[in-house]
Amino acid sequence: MMDLAQAFILTVITAATPLLLAAMGELVVERSGVLNLGVEGMMLTGAVAAFAATQITGSPYIGVLAGAAAGVALSMVFGILVLLFVTNQVATGLALTLFGLGLSGLLGAGYVGVPGIKLAPLLPALPESSPEFLSAFWTVFMQQDILVYLSIASVPLIIYLLRRTRAGLVLRAVGDNHTSAHALGYSVIWVRFLAVAFGGAMAGLGGAYLSLVYTPQWTEGMVAGRGWIALALVVFASWLPMRVAVGAYLFGAVTLLQFHLQAIGVSIPAQLLNALPYIATIVVLVLISGNRRLIAINTPASLGKSFVPDR
Amino acid sequence: MQLELVKRDSPNRFLTVASPVLAVVFTLILSGIFFAIIGVDWQRALTVFFLEPLQADWSREDILIKATPLILIGAGLTVCFLSNTWNIGAEGQFIAGALAGSIIPLGFYGVEGFWVLPLMLLLGFAGGALCAMIPALLKVRFGASEILVSLMMVYIMQLLVDWMVRNPWRDPQSFGFPKSRDFVESAELPVIPGFFDLHWGIVIAIVASLFLAFFLKRMMRGFDVRVSGAAPRAARFSGVSRNGIVILVFAISGGLAGLAGIVDVAGGAQKLQPVISPGYGFTAIIVAFLGRLNPVGAIFAGLILALTYIGGEGAQLDLGLSAQTTQVVQGILLFSVLAFDTFILYRLRRKPGVSGAGAA
């Protein structure tokens, strides 16, 4: 029983972490009024960069950094186009995803099938002689890697940033009314650049988690729509960090269903099980969007709109 | 020296036409740099990618075959994007069309007749449109993001076709290899007389694009679509139902993507396989933008994007470049198109000296 519960919780955490990382990044981006649909592409590039850097240096921690850096690099392409060239945000985000798909496949071609080096847990395991209950608890909650803790810590940190700091206030002002924020003397474009870079770093970390912990190896297109699910989570959460966390873990639970229905021996086509997260995303989007008032209150008012300073 | 964008008084006429051309030229330059960075002989790579496909009869035909689905889907997406509605699940609707169109040749295997092919094309269109109705209706009824729902449908349809060819429609003689039976003769889209492989799909695609151009320019409903995108408030005041437009453009773009699906299958492989599209539905998004959201422009844009597919295959064989090189080049192309389009509406000027409170 203990083993089963342990396996359940571990599956949920593992499935939720990449979503949580990417979605928290995108939440900050969207709060600044920018819609970056390139999350999938940034996650893929982050995943391949993390895997490659780990293979080259032997250190998964350098891999983690490389994943974040790759995400930032790609997000800057998006930032330059959308913020300086005022291109359409939807189209540019899509371009970023297409580009990221290709680039990651190209960079990762030599790494397909190479066994990965797993990012180790932050803390050591308990000695064998520890009581069973304690060791189960320890394995589940204290034996996670740095990315899991980072993803969880990001929630209160971002809540604090958005609600209690001046920087957060400026970010929200830029996202809600860029014209007024500009008139007050804030640099809309710089605030958005920083937000987009942060989103890129978080998406890159989400990708790094997939190629360093989740599988740990590189396969082409391994993000498999998680970037899009992360985007949906932000809408589902109506742009509130706490709800993003709840949503990510709910989706982790859907993955659990996927694995364990098969294990129990229910005869459902594998394809249907694999489609569960996507079907769940649609259902969730419908349920949450039905509540238009909630969405209307929380949507950053300038979301997706281009900004050219009026001089 | 700092530069800044200033809105033009009116769109630049010259750039309206020239921006796609400039974007293609710029893409060639960037691709060359990219090839040099990844350590390939860049001159050779550019030649293989963009010139060699134009030099042999078979590869010119191949370009037209690959351009067929791209033009069909791209022209449909043009209508959708013009109305400021974002169907990005054309890849899924392509598969839905291929599946629906295959109901006759696979679900009723062995049925022959002159009516088989027309019915397949009709079912293909209907299948794609039906698949597109899911995001459209959820958008209209519940306000769910059409971007995300249509994209989720892509993954679902990819899994559905995978399941279909492994289970109900698996070829009993394939020894477990996942593919359907071959279509019977009357379910095949014939080759145009005088060509080796080129089927009638390209004609269907060009006719469809021309019709859409007429629809947008000359028909009242097409005008509604454009106004709804360009000036939503004006459209609302003149009594155009936004919901009606969303349904219409999803039906058109989904239907054409579905038609592209069955045309591509009935003209090409003539059977279903677990993976039936090399990303046509996504590449067609680039086609729509490169064609400057004009259905006739989509014809030219479709040909250019098809060139990158064939060039990419050549680069794989000749230079050992991986298959994803094509996607990278296509991504660069879309970036360039979007950046150059900016200069139709804006111009660059040197930033005047900082004066007063404006600068932060």
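Chain A has 13 helices and 0 strands; helices (H or I, at least four residues) and strands (E, at least two) are DSSP runs numbered from the N terminus. The radius of gyration of chain A is 20 Å, close to the 19 Å of the globule rule for 311 residues, so chain A is as compact as a globular protein of that length. That radius is taken over C-alpha atoms, and the rule is 2.2 Å times the number of residues to the power 0.38.

The model is predicted: local features need pLDDT of at least 70, side-chain atom pairs count only at pLDDT 80 or more, and totals for chains, interfaces and linings use all residues. Residues are numbered from 1 along each chain as its sequence is written, chains are lettered from A and ligands numbered from 1 in the order written, and side-chain values use heavy atoms, without hydrogens and water.

| Property of chain A | Value |
|---|---|
| C-alpha box along the principal axes | roughly 70 × 45 × 40 Å |
| Residues counted as buried | 55% of 311 residues |
| Accessible surface | about 12,600 Å², 70% from carbon and sulfur atoms |

Buried means under 20% relative accessible area, exposed over 50%, and partly exposed in between (1.4 Å probe, protein chains only). Accessible areas come from the Shrake-Rupley method with a 1.4 Å probe, and for residues only the protein chains shown count as cover.

A:Ala91 lies in helix H4 (residues 89-108) of chain A. A:Ala91 is buried, at a relative accessible area of 0%. Leaving aside neighbours within four places in sequence, A:Ala91 is in contact (heavy atoms within 4.5 Å) with B:Phe289, B:Leu334 and B:Leu338.
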